[in-house]
Amino acid sequence: MIDSHDVRRIAMALPETVEKEAWSMPTFRVAGKMYITVPDDETSIAVRCPRHERAELIAAEPEKFWVPPHEAASSWVRVRLAALEDLAELRDIIVDSWRQAAPERLLDAEAGGSRNSG
């Protein structure tokens, strides 16, 4: 089963990610910008998600994605770890959130690396 250890391992493998405790929970940041939080019970994570995409995600897969009322005005979505299909899906979600927080120089380096591979 996917758990918070998998989240930590994937997040810490991304360029310039640091883990920092905030609000008594682990958070992961790139260039000082938070892109994942792991709430207390560690059964879910919160990730960056543009609000216009969030509603579609929740409507399509409400068993995986939701937003608590106190976060409705934010650009974040919660993800139920037990509802994810596999580690590849978790990685895709984490990388997407990382890309929304990462500075251009890291995104450019990532794009350059993927163009040169293969």
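1. Burial is stated here by relative accessible area: buried means under 20%, exposed over 50%, and partly exposed in between (1.4 Å probe, protein chains only). The areas come from the Shrake-Rupley method, with only the protein chains shown counting as cover for residues. By this scale E16, at 41% relative accessibility, counts as partly exposed.

2. The model is predicted, so local features need pLDDT of at least 70 and side-chain atom pairs count only at pLDDT 80 or more, whereas totals for chains, interfaces and linings use all residues. Residues are numbered from 1 along each chain as its sequence is written, and side-chain values use heavy atoms, with hydrogens and water left out.

3. The sheet is open and has six strands in the order β1-β2-β3-β4-β6-β5, with antiparallel pairing. Its edge strands, β1 and β5 (65–66), each pair on one side only. Helices (H or I, at least four residues) and strands (E, at least two) are DSSP runs numbered from the N terminus, and two strands pair if DSSP finds at least two bridges between them.

4. Strand β2 (residues 25–30) is mostly covered, six of its six residues being buried. Cover is found on both faces: M25, T27 and R29 are buried on one side, and P26, F28 and V30 on the other.

5. Strand β1 (residues 17–22) pairs with β2 in the antiparallel sense over six bridges, and T17 has V30 as its bridge partner in β2. The two strands form a hairpin with two residues between them, and W23 in the turn has a positive phi of about 55°.

6. β2 also pairs with strand β3 (residues 33–37), in the antiparallel sense over four bridges; here T27 stands opposite T37. The hairpin of β2 and β3 again has two residues between the strands, and A31 takes a positive phi near 50°. A31 is partly exposed, with a relative accessible area of 48%.

7. Elsewhere in the sheet, strand β4 (residues 44–48) and strand β6 (residues 76–80) pair in the antiparallel sense over five bridges. R48 stands opposite W76 in β6.

8. The structure holds seven salt bridges, a salt bridge being a side-chain nitrogen of Lys or Arg within 4 Å of a carboxyl oxygen of Asp or Glu. One of them joins the side chains of R105 and E16 (2.8 Å, N to O). R105 lies in helix α4 (residues 104–116) and E16 in the loop between α1 and β1, so the pair ties together parts that are 89 residues apart in sequence. R105 is partly exposed, at 49% relative accessible area. E16 itself has a positive phi near 60°, although it is not a glycine.

9. E61, K64, E85 and E89 are linked in a network of salt bridges. The closest N and O atoms are 2.9 Å apart between K64 and E61, and 2.6 Å apart between K64 and E89. K64 lies in the loop between α2 and β5 and E89 in helix α3, so this pair ties together parts that are 25 residues apart in sequence. K64 is buried, with a relative accessible area of 2%, and E89 is buried as well. E61 counts as partly exposed, at 23%.

10. E53, E56, D86, D92 and D96 gather in a patch of negative charge on the surface. Two or more residues come from each of α2 (51–60) and α3 (87–101). Patch members have over 30% relative accessible area and no salt bridge, like charges being joined within 9 Å and nonpolar side chains (Val, Leu, Ile, Met, Phe, Trp, Tyr) within 5 Å. D92 lies in helix α3 and is exposed, with a relative accessible area of 55%.

Note on methods: Areas by Shrake-Rupley, 256 points an atom, 1.4 Å probe, with all protein chains shown as cover. Lys, Arg positive; Asp, Glu negative; His and termini not counted. Charge placed at Lys NZ, Arg CZ, Asp CG, Glu CD.
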